[in-house]
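Reader: I am new to this structure. Please take me through one part of it closely.

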Amino acid sequence: MQISKKVIERTTVIEVAGSIDANNADELTSYLTGSINAGNCHIVVDLSQVNFMSSAGLRAILAGLKESKRFGGELQLAAAQPGVEKTLRISGFTSILNLFPNLEEAVSSSEDRQQTSGR
Amino acid sequence: MASPFNTRVRANHTDRSPAERDLEIGRQIQASFLPKELPELPGWELAYRFSAAREVAGDFYDAFPLAGGRRLGIVVADVCDKGVGAALFMALFRSLLHAFAEQHYSLGWLDVLEGEAQPLGTSPLDIRRKLLSPGRTSLKKAIDLTNDYIAVHHGDSNMFATVFFGVVDPDSGSLAYINAGHEPPLVIGQSGVRQKLMPTGTALGLLPGLEFEIDQVELEPGDILLAFTDGVLDARDPSGNPFGDQRLVDLFAGNNTSAEGILEAIYQAILRHMAGESQFDDITLLAVRRDIREIDDTEY
C-alpha cells in the first residue's frame, strides 16, 4: 500500500494505492488522523488505485470519518473499484459516508460543504 | 467435529513462550464462546464449518432456542480486522447479541402491541403471520442494543461487526432476519439460489442510533439457508485468485440434499482451491435445511 497527499483548493486528497488489509490498515489510520489533527479536516480519500479493502481497511476509514467530524469536517470517498465499492456498499459504509464515482465530484462536494459551513 | 478449532496444530506447551501460552489460553477460552453443539430441531438439519486463520478468530456463529423453544435464533458474524483485538470483540459481540436476544424474548401479541413487528399486508395470511411472530422483538432489540452499546462504549476502538441474525419458525418455515452489513446469505432451492438475503442495515457498531429493518423469507421444504463469512469468497489460490461467488454457486447442484453435505462440498472445494496456500481470513459457514417431510416419511 502506498499513500500520498495533495491539496485541491481547500480539500485534502489522500491517494491510496494497492491493498488495504490487516497488515497495513494501521498505517492508513495514522496517516488520516495525523492529517486531520494537523488541521486538514476536509478529506477526500481517492480509492481509484485500491484493488482490495478488507474490514481492517474499513476500520481505518471509520476512524478517519469520526476524527474528521470531531474537527467539524468530513471524510468522503472517491472512485472505488467495483470490488471495493461492493465491500463499502454491503457493509453499509455508503450509508454513513459519501462515495463519489470520481475525484472531481468528491472535491466539488467537499468545497460546497465548506462554502456552506463558512469554513 | 470435536472442537471448532480442531484444525489447528498445537506444539508441545513446554516449548512455548509466555506470549504463545497466553494465545493458546485465549484460543481455548474463545472456543467456549461458540456453541459446543448445534440445537436439534425435528424437521430441520443444522450444520457448520469453522476454520480460524490464526490462533484466535474474529468470526463467530451461534444457534440457540428463542421464545421458549418456539423459535430458533441463528447468527453468523465477522468482527472487523484480525488478531487478539478482533477476538476480544468477538466475545463481546457474541455475548451481547445472545444475552439481549434471550432477555427480550416475548410473545407475538406483545410484538404487535409494542409496534415492533414488521409491517405486513392485511391479508388473512399476513395477519396470522404477524400475530404468530414471536422472536421479532428479540431480534430487533438484540441488534439495536448491541449496535448502540458498541458504538457508545467502544466508539474509540472503531470496531464493528457484520452480522446476519435470523429467527426461524420451525413450524411454518418462516425466517425473520436482520442482515447488518453482512455478506448476503443464500436461500438454495432445488434448482439453485432462490434468494439472496441482502443487507437490511449497516454493520453493527459503526455509529449510535443506526436503523436496522427486519425482513422475512419463507423456507420451503427442501430449502437450505446458507450463511457464511467473506473468508469463503476471499480464500485465495497460490496465484492470488479468490474462490469467488461462481465457484460457490456451482457447488449447489447435486449437493443440496443435506446441510452437512453441502457444507462438506463447499469446504473441500475451498481447500482444493487454496491448494496448500495459507488461510488469511477466518472461514465460517452455517447451513439450515428444512426437511422434505412427505418424501422422508415415505422413504423411511
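How many residues does the contact take from chain B and from chain A?

Author: The contact takes 24 residues from chain B and 16 residues from chain A, where contact means heavy atoms within 4.5 Å. A word on the basis: this is a predicted model, in which local features need pLDDT of at least 70, side-chain atom pairs count only at pLDDT 80 or more, and totals for chains, interfaces and linings use all residues. Residues are numbered from 1 along each chain as its sequence is written, chains are lettered from A and ligands numbered from 1 in the order in which they are written, and side-chain values use heavy atoms, with hydrogens and water left out.

Now the area. Chain B and chain A bury about 1600 Å² between them. Carbon and sulfur atoms give 61% of that. Buried area is the accessible area (1.4 Å probe) that two parts lose on being put together, summed over both. On the chain B side, Asp81(B), Asn158(B) and Leu206(B) lose the most area to chain A. Together they make up 34% of what that side buries.

Asp81(B) also forms a salt bridge with the side chain of Arg59(A), at 2.8 Å, N to O. The rule (a side-chain nitrogen of Lys or Arg within 4 Å of a carboxyl oxygen of Asp or Glu) finds two salt bridges across this interface. The side of chain B that touches chain A has twelve nonpolar, six polar and six charged residues. Here Ala, Val, Leu, Ile, Met, Phe, Trp, Tyr, Cys and Pro count as nonpolar, Asp, Glu, Lys and Arg as charged, and the others, Gly among them, as polar.
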